Amino acid sequence: MNWLPQSASTFAPGVDLILWLVTIISVLSCVLIGFLLVYFCVKYKRKSDNDQTPAITHDSFLETLWTVIPTILCIVIFLYGYIYYDEYTTTPKNAVEINVTAKQWIWSFDYSNGKKTLNELYVPVNQPIRLVMQSDDVLHSFFVPAFRVKQDVMGNRYTYINFTATKEGVYDLYCTEYCGTAHSDMLGKVHVLSKAKFASWEDGSADKALKASAANIPPAELGKQLYSSKGCVACHSIDGADGVGPTWKGLFGKKRLFVDGSSAAADENYIKESILYPGEKMVEGYAPVMPSYKGLLDDSEITAIIEYIKTLK
Amino acid sequence: MGFFDVTSKIIKSIAYPSEMVPSIDDHADDGEHHFDPVTEHESAKLGMWLFLATELLLFGGLFAAYAIYRAKYPEMFMDGSKSLDVVLGTVNTVILIFSSLTVAVAVKAIQENRIKLVKLMLWITIICAAIFAVNKYFEYTYKFSKGIFPGTDIFYSIYFASTGVHMLHVFIGMIVLGILLRKVYKGKYSKENFTAIEIGGLYWHLVDLIWIYLFPLLYLVG
Amino acid sequence: MSEVNEKNYLENGEGFASWFFTVDHKRIGVMYLWAIAVFFIIAAIASFLVRFEHLTPGQTIVSADTYNVLFTLHGSMMVFLFIVPGVAASFGNFLIPLMIGAKDVIFPKLNLYSFWIYLAGAAIFMIALAGPADTGWTFYTPYSIETGANVILITLGIFVLGFSSILTGINFIVTMHKLRAPGMTWDRLPLFCWAAYATSLLQVLATPVVGITLLLLIGERYFGLGFFDPARGGDPVMFQHFFWFYSHPAVYIMILPAMGIISEIMPVFSRKPIFGYKAIAYASLAIALISFLVWGHHMFVSGQSKLVNIIFSVITYAVAVPTAIKVFNWLWTMHKGSIELSTAMLYSLAFIFLFTIGGLTGLFLGALAADVHLHDTYFVVAHMHYVMIGGTVFGFFAALHFWYPKMWGRMFDEFKAKIAFVLIFIGFNVVFFPQFIMGTLGMPRRYFNYAPEFQSLHQISTYGTWIIGAGFILMLWVLMRPLPGKAPGNPYRSVSLEWSMDSPPGTFNFDEIPTITEPVYNYGTKVEEES
């Protein structure tokens with residue numbers, strides 16, 4: 001059985017080497033100690049109450065031995081840990097910076113060319129990347145197991161992660177610092193693209209191609225994809241369970257009561273307004289925590305989401 | 001045994017620990033759980049010193065916070081410090097140092113069996129503590145009237161948190177000294193039995209000592 | 001023999017008041033034992049619910065918010081109500097005076113007050129459950145400042161519990177300094193006492209810091225002090241520094257008494273002196289002292305500077321060495337011995353093995369580069385439970401069985417107890433070993449929901465809780481039903497002082513304070529030095 005996630009960054013092999021090294025040391029130690037425990041129990045099992053035992057109280061040689069050997073092993077493990085950590089924390093000169101903002105419970109990424117994505121980080125393969133991260137609210141932590149990188153994100157200072165992805169693919173991104181209700185849904189994906197694909201993503205042609213292919217699937221289907229990929233899933237359930245935000249089940253057409261006392265039916269225009277300007281009409285019983293999706297979803301995508309909500313009866 | 005009985009017994013046993021009834025009182029004198037006076041005296045002192053160490057560590061956390069934020073916001077600390085009332089702070093410092101002296105005299109006096117002097121000195125100490133508290137009250141209300149509260153900025157948070165926790169210790173000290181004084185009037189202490197006064201005095205010295213650090217750190221850096 | 005000492009401590013006085021107002025260290029120890037047992041059971045039920053929730057990804061039985069409350073409840077109760085006061089206050093109270101040859105602890109009334117303060121803290125903690133906190137037991141800011149849950153009451157409860165811990169620590173330290181029987185020199189002091197001494201030092205020196213931290217957290221919520229809140233110019237990392245400055249030493253408050261228990265049990269059932277008495281005693285102190293300097297290893301990815309991380313990593317490995325020394329010393333105590341596999345001995349052997357795994361997996365986490373990957377994953381959860389359950393709880397169970405005759409004056413059914421042991425041992429490993437694998441694969445902790453690929457491992461882990469749960473129930477059943485007949489004063493032919501009296505001991509322990517003439521653990525026949 002596989003016990004390590006796939007390895008897709010320059011840092012990963014170093015971490016894996018340490019994991020293997022310590023695993024081997026641990027297994028050998030456990031086998032040695034376990035064997036001696038059982039062996040002594042069998043060999044020196046009490047035969048009678050009058051068994052003669054030697055009153056050995058210490059043995060300088062043995063005690064030195066099991067002081068010195070663990071010390072040496074500890075020094076070795078420390079050094080490995082230090083060397084790769086040093087490499088990881090040193091930013092390469094040609095690193096490309098991406099700004100990361102964490103917020104309950106969404107990751108957003110700002111690229112130097114003005115692009116912005118939610119929960120989906122796009123990086124070119126074999127290009128050193130430096131993430132400059134901060135939080136809008138509580139602590140979060142950026143963790144990509146395939147890259148073996150992790151760093152807490154906080155509100156009062158920037159924190160950084162360096163990595164260089166080595167394999168194209170899509171990798172899981174987790175929040176690993178407990179941040180409340182939807183902590184375990186504060187997920188994302190890291191897309192590692194070839195240089196060519198990344199370039200086309202950057203200039204927007206990939207977007208168009210994607211849109212073109214999106215045009216071929218029914219809007220409700222597209223809405224379902226957007227539901228998970230754009231982070232709606234973190235706060236809105238589709239099974240009727242109450243979350244941070246109202247459930248989408250049976251939402252369409254339902255009468256909404258607002259904090260200012262007014263009310264309205266949840267029609268297409270209301271839902272669109274709520275996506276673009278979530279703070280305008282706050283439904284009673286919910287906190288104003290939803291970010292605006294203006295500029296992150298285009299009209300056809302919003303329509304797709306509305307169509308999807310309509311299917312949730 | 002009803003709820004009320006238990007409650008009243010708890011209160012009694014805290015108020016009059018020396019009269020507390022161990023479970024064995026039906027069978028024998030409770031002297032069996034006591035140790036010889038020399039051991040008890042030494043142990044009480046050692047225990048008190050350990051307790052004082054924990055108090056220092058408690059304030060150590062506040063001092064650490066002070067050091068970190070002063071390094072981070074030096075100007076805020078300058079300005080904040082200037083706004084504190086140095087005169088009132090100095091008066092309070094003098095009062096506390098004086099009360100430390102009187103409590104030391106009380107400890108010395110009980111060892112010489114001069115009960116009257118002990119009473120006088122403990123009275124003076126408690127009155128000093130009360131004056132300190134009144135001064136502090138005026139200081140706080142003046143700040144409030146100017147719209148300064150805990151949380152106004154980090155400096156004032158430190159100021160209110162550390163002087164507040166210290167104030168709490170002054171009150172506890174007053175209660176301790178008050179109980180001691182009451183027992184002096186009852187004739188409980190003598191030159192053979194003065195441990196309680198000695199460790200009560202130690203506690204009061206600590207209250208004084210902490211203030212001696214707080215005063216320059218908060219009032220005089222500006 | 002004095003009149004009072006004719007009655008053993010259990011018979012001396014009946015009814016609620018005779019217990020609740022006692023100053024007898026043995027009764028106080030027993031009351032602590034009952035109290036921590038109750039909280040252990042409640043906290044364990046919370047953990048069973050947490051594990052049950054993980055049978056399927058997403059919601060199985062409870063909502064995300066309830067899940068967050070459950071793991072907070074489990075963690076904070078286990079830490080602050082069970083394991084920190086746990087072994088030290090219960091067995092420490094019961095045993096220390098018996099082991100050093102004293103009739104009680106030095107401040108018997110203070111001891112009772114400590115217990116009351118413990119109950120008061122626990123009561124506040126219980127009231128806080130009306131709006132239970134959802135912060136995790138670590139109360140990290142700014143989440144703990146912003147959440148709507150009842151953080152103030154629960155931290156106030158822990159603050160009060162801290163006083164109990166400090167006062168007990170002071171009591172034990174002074175007791176061991178002032179009340180050792182004539183001839184009970186420091187190098188004849190039983191190793192459980194050494195461990196309790198080191199534990200007490202930690203309690204006295206570390207607890208005030210968490211006290212002020214929690215007080216400031218309360219001030220943060222009441223007044224908006226701003227020390228730990230980035231929105232007000234404060235620093236959440238400082239909260240973590242303050243918190244772990246206590247909570248790392250607290251880890252050793254939890255484990256050291258259990259180590260002391262193992263050091264007591266190994267010689268008795270091997271009929272040999274403990275191997276390397278001095279090394280174990282000094283290792284206890286060394287661990288206690290170094291443990292004050294390693295708190296930063298909980299914060300390698302918190303945003304500490306690189307240099308600070310490197311320093312903490314070095315010191316962390318320094319604490320590994322004395323721990324390794326202890327393990328080998330226990331092991332070698334068995335060498336050439338006459339070993340009896342009683343239930344208590346089985347728990348001790350399991351302790352050595354599981355604690356070794358717990359310690360070795362600590363090596364992964366101390367290595368900077370590896371910790372970046374493993375931090376806040378299930379690997380940490382598994383590591384911590386191997387130390388806390390495999391270590392402390394197994395040690396605690398060993399003590400429950402070992403001193404059972406002394407404490408209750410009865411014997412228990414060894415055979416059934418061994419079956420319970422087997423269930424607990426197997427169940428424990430089934431629960432937590434898969435979590436190491438989940439952790440290296442990248443499964444984050446405190447996750448209500450998880451990716452489907454982790455489901456099979458989660459399910460195995462949950463099945464394990466059913467096995468270990470059955471073991472707990474069986475163990476409790478066995479211990480609640482002692483065998484008929486009175487236990488002998490010294491059923492194990494131990495040479496330690498606490499076994500030299502009747503079981504259970506008389507109210508004042510010794511009819512006359514004994515004079516110690518022999519070294520501790522004086523088993524076996526002297527061998528001529530090899531020349």
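Colleague: How many residues of chain C are in contact with chain B?
Modeller: The model is a predicted one, and the contact can be counted from each side. Chain B contributes 37 residues to this contact. On the partner side, the number of residues from chain C is 45.

Colleague: Which helix supplies the largest share of the side of chain B that touches chain C?
Modeller: Three helices of chain B, α1 (3–15), α2 (37–72) and α6 (154–185), each give at least two residues to the side that touches chain C. By class, this side of chain B has 22 nonpolar, twelve polar and three charged residues. The largest share amounts to 16 residues, and the helix that supplies it is α2(B).

Colleague: Over which residues of chain B is the pLDDT below 50?
Modeller: Chain B has a mean pLDDT of 87, with 86% of its residues at 70 or more. One stretch falls below 50, although in the model it has 24 contacts beyond near neighbours in sequence. Where pLDDT is low, the predicted coordinates should not be read in detail. In chain B, the stretch below 50 covers residues 19–31.

Colleague: Which chains have the most contacts between them?
Modeller: Two pairs of chains touch. Chains A and B are not one of these pairs, since they do not touch and their nearest C-alpha atoms are 12 Å apart. The pair with the most contacts is formed by chains A and C.

Colleague: Which helix gives the most to the side of chain C that touches chain A?
Modeller: The contact takes 79 residues from chain C and 71 residues from chain A. Elements of chain C that give two or more residues to this side include α3 (64–83), α10 (277–290), α11 (306–333), α12 (343–366) and α16 (414–441). By class, the side of chain C has 46 nonpolar, 22 polar and eleven charged residues. With 13 residues, the element that gives the most is α11(C).

Colleague: What percentage of the residues of chain C count as buried?
Modeller: Among contacts in chain C between residues at least 6 apart in sequence, 84% join residues at least 24 apart. The buried share is taken over the 531 residues of the chain, and it comes to 69%.

Colleague: Is chain A compact or more spread out than a compact globule?
Modeller: Chain A has seven helices and twelve strands, and its C-alpha atoms fill a box of roughly 90 × 55 × 40 Å along the principal axes. Buried residues make up 33% of its 313 residues. The radius of gyration is 27 Å, well over the 20 Å that the globule rule gives for a chain of this length, so chain A is more spread out than a compact globule.

Colleague: How far apart do the C-alpha centres of domain 1 and domain 2 of chain A lie?
Modeller: Chain A is divided into domain 1 (96–202) and domain 2 (217–311). The contact between them takes twelve residues from domain 1 and eleven residues from domain 2. On the domain 1 side, these residues divide into five nonpolar, three polar and four charged. The C-alpha centres of the two domains lie apart by 25 Å.

Colleague: Which residue does a cis peptide bond join to Gln104(A)?
Modeller: The omega of this bond is about -5°.

Colleague: Does Asn126(A) count as buried or partly exposed?
Modeller: Asn126(A) has a positive phi of about 60° although it is not a glycine, and it lies in the loop between β4 (120–124) and β5 (128–135) of chain A. A residue is buried if 20 or more other C-beta atoms lie within 10 Å of its own, and exposed if 12 or fewer do. Because Asn126(A) has 14 such neighbours, Asn126(A) counts as partly exposed.

Colleague: Does Asn509(C) count as buried or exposed?
Modeller: Asn509(C) also has a positive phi, near 65°, and its place is in the segment after α17 of chain C. Because Asn509(C) has 22 C-beta neighbours inside 10 Å, Asn509(C) counts as buried.

Note on methods: Residues numbered from 1 in each chain as written. Chains lettered and ligands numbered in written order. Predicted model: local features only at pLDDT ≥ 70, side-chain atom pairs only at ≥ 80, totals over all residues. Contact = placed C-beta atoms within 7 Å. Helix = DSSP H or I, 4+ residues; strand = E, 2+ residues; numbered from the N terminus. Nonpolar A, V, L, I, M, F, W, Y, C, P; charged D, E, K, R; others polar. Domains from an automatic or database assignment. pLDDT = per-residue confidence, 0-100. Rg over C-alpha atoms; globule rule 2.2 N^0.38 Å.
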